[in-house]
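Here is a friendly note to read alongside the structure. Please keep the 3D view open as you go.

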Amino acid sequence: MSLPRQLRDESDFDQLPHNIPISATIADIEEKKGFIDYFTFAIEVKTKGGSKYLIYRRYREFFNLHQNLESKYSPEDPDKPGPNTCVLPPLPGKIFIGNKREIAESRIPELNTYIKRLLGLPIWVLLDEALRMFFYQTDQDSQHQPRALRRLRPPTRRVKTVKPKMDLFSSPRAEVMFDFRGSSKLELNLKRGEVIFLLRRVNADWLEGTVNNQTGIFPESFVKIIKPLPESDLDEEESEGHTYSCLRCYLLTPAGVESRDVCVQEDINIQPTYNELLSRMRSVFKVDDIALNYHDPEDDLIRILDDEDVQLMIWESRRQQGKAKRPVNQFPWELYVSMTSDLSVYNTEA
C-alpha cells in the first residue's frame, strides 16, 4: 500500500502541505570514494502533492535521524506511549565487519521497511523538521546524475552499440614520466612510459584521465603533457556525475614538510569524523603513528583529538574563509599531520 491507511482515514491529512513526503523507496546504491569509501542509498520520494524526486543518503544519516526522533518522541515505557510520544520503527543496526557493498545491499529491504513505517507515523511526526529535511531534495541531490536505479526500472534487453574509434592523435593525452601508486580507489596507478588520455582538470595540481581501461585522478607533476585539454575544460568540475573536492594536507617531519592534495567525492561542506580523517591520512602518508592538527586564527598549531575538535576546526576555517583564495572545489580547512611523539611542532613558549 503506497499510502498508510491510518493517514487516509484521518481528516487532518488533508491539511498537510503538498510537499510532505508520504512514501519513499530505495532505488539503488552508489559507491562514493570519500575520506572513507562508502555507499549511498538512492531513494525515490513521493509527496502528498504527487511529485517525485530522488535523494541520496548514507546509512549514518538514517542513524542520525533515528536518534533525533528518539530523543523527541520515544516514550520511556514503550507499552505506555504518551500524548506527545510514539513508538518508532526499529532501525537496522550498525555493521562493522564485512564487505561494504554486500552490507549496503542487505540493508535495502530493512531500510525500505523502516521508511514505510516511519512515514506511517502520526501526522504530527511527519511535520517534524528533522524528518522533513531528511526527505527534502537538496541542490546537491537535484544535480546528481542518477545511474541504473535497478529497483525502479524493469529489466530490458541490452542492445549492443558500436562506438566510433577514438582518434588517438587528436585526443588530449600525456606521457607518464614517473611511476605513481595511488593512495585510494580514486587515484590511478601509473607506470613510466604509459600514455594516459586526459578527461579534465580537477584542480591546479591534479588531472583526471584513463589508462589501461581504468579511469581516475593523478598528479600532473608525474606526466608530460603531449596534447593539452581544451581551454573550455580547464574549469570543469563535473565529469559523468562525479564531483571532486580537494583537501590540502601537510606531513610535518624533522626532515621537512611534504604537501599533498587529497581528492575525494565529498561535498566541501561535509564534516568528516576524526577517525575518517585519521585513517585517510595514514593511507596517504604511509605512516601509522600520527597526530592530526590544524592552524587556529592565531596561527598556532592545534592537535585534533575527537569529532568536536574537527567541528571546531571547520567552524574556525569558515570564519576565515575570505582571507585565503582557494579553488571553488577545495576545502576551506587544511590538515597538518605530525608524528604522535613529536611535540616540537607546537608553540610551547609561555
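1. **What you are looking at.** This is a predicted model, in which local features need pLDDT of at least 70 and side-chain atom pairs count only at pLDDT 80 or more, while totals for chains, interfaces and linings use all residues. Residues are numbered from 1 along each chain as its sequence is written, and side-chain values use heavy atoms, with hydrogens and water left out.

2. **The chain as a whole.** You will find eight helices and 15 strands in the chain; helices (H or I, at least four residues) and strands (E, at least two) are DSSP runs, numbered from the N terminus. Of the 350 residues, 44% are buried. Here buried means under 20% relative accessible area, exposed means over 50%, and partly exposed lies in between (1.4 Å probe, protein chains only).

3. **Surface and contacts.** The chain exposes about 20700 Å², with carbon and sulfur atoms supplying 49% of it; accessible areas come from the Shrake-Rupley method with a 1.4 Å probe, and for residues only the protein chains shown count as cover. A contact means heavy atoms within 4.5 Å. Among contacts between residues at least 6 apart in sequence, 61% join residues at least 24 apart.

4. **The largest core.** In soluble globular proteins, nonpolar side chains tend to be buried together. A nonpolar core is a set of buried Ala, Val, Leu, Ile, Met, Phe, Trp, Tyr and Cys residues joined through side-chain atoms within 4.5 Å. The largest one here has 33 residues, and those with the most contacts inside it are Phe 41, Ile 43, Phe 62, Ile 115, Leu 118, Leu 131 and Phe 135. The elements that each supply at least two residues of this core include β1 (21–33), β2 (37–47), α2 (59–73) and α3 (100–118). Helix α3 gives the most to this core, with six residues. Apart from this core lies another, of 24 residues, among them Tyr 274, Phe 285, Ile 290 and Ile 314.

5. Which helix holds Ile 115? Ile 115 is found in helix α3, and Ile 115 is buried, with a relative accessible area of 0%. Not counting residues up to four places away in sequence, Ile 115 touches Ala 24, Ile 26, Ile 43, Phe 62 and Phe 135. The C-alpha atoms of Ile 115 and Pro 89 are separated by 8.7 Å, and these residues are 26 apart along the chain.

6. **Aromatic rings.** The structure holds 13 aromatic pairs. Rings of Phe, Tyr and Trp (its six-membered ring) pair if their centres lie within 6.5 Å; planes under 30 degrees apart count as stacked, over 60 as edge-to-face and the rest as tilted. Phe 41 and Phe 62 form an edge-to-face pair, 6.2 Å centre to centre with 90° between the planes. This pair links strand β2, which holds Phe 41, to helix α2, which holds Phe 62, across 21 residues.

7. Phe 180 counts as buried, at 9% relative accessibility, whereas Phe 222 counts as partly exposed, at 23%.

8. **Two loop residues to check.** Phi of Lys 286 is near 60°, a positive value in a residue other than glycine. Lys 286 lies in the loop between α7 (274–285) and β13 (290–295). Phi of Asp 299 is near 70°, also positive in a residue other than glycine. Asp 299 lies in the loop between β13 and β14 (301–304). Are these residues buried or exposed? Lys 286 counts as exposed at 62% relative accessibility, and Asp 299 is exposed at 55%.

9. **Confidence.** pLDDT is the predictor's confidence in each residue, from 0 to 100. The chain has a mean pLDDT of 81, and 82% of its residues reach 70 or more. Confidence is lowest in strand β9 (residues 238–239), at a mean of 42, and highest in strand β15 (residues 335–339), at 95. Over residues 153–167 pLDDT stays under 50, and the model has four contacts beyond four places in sequence for them.
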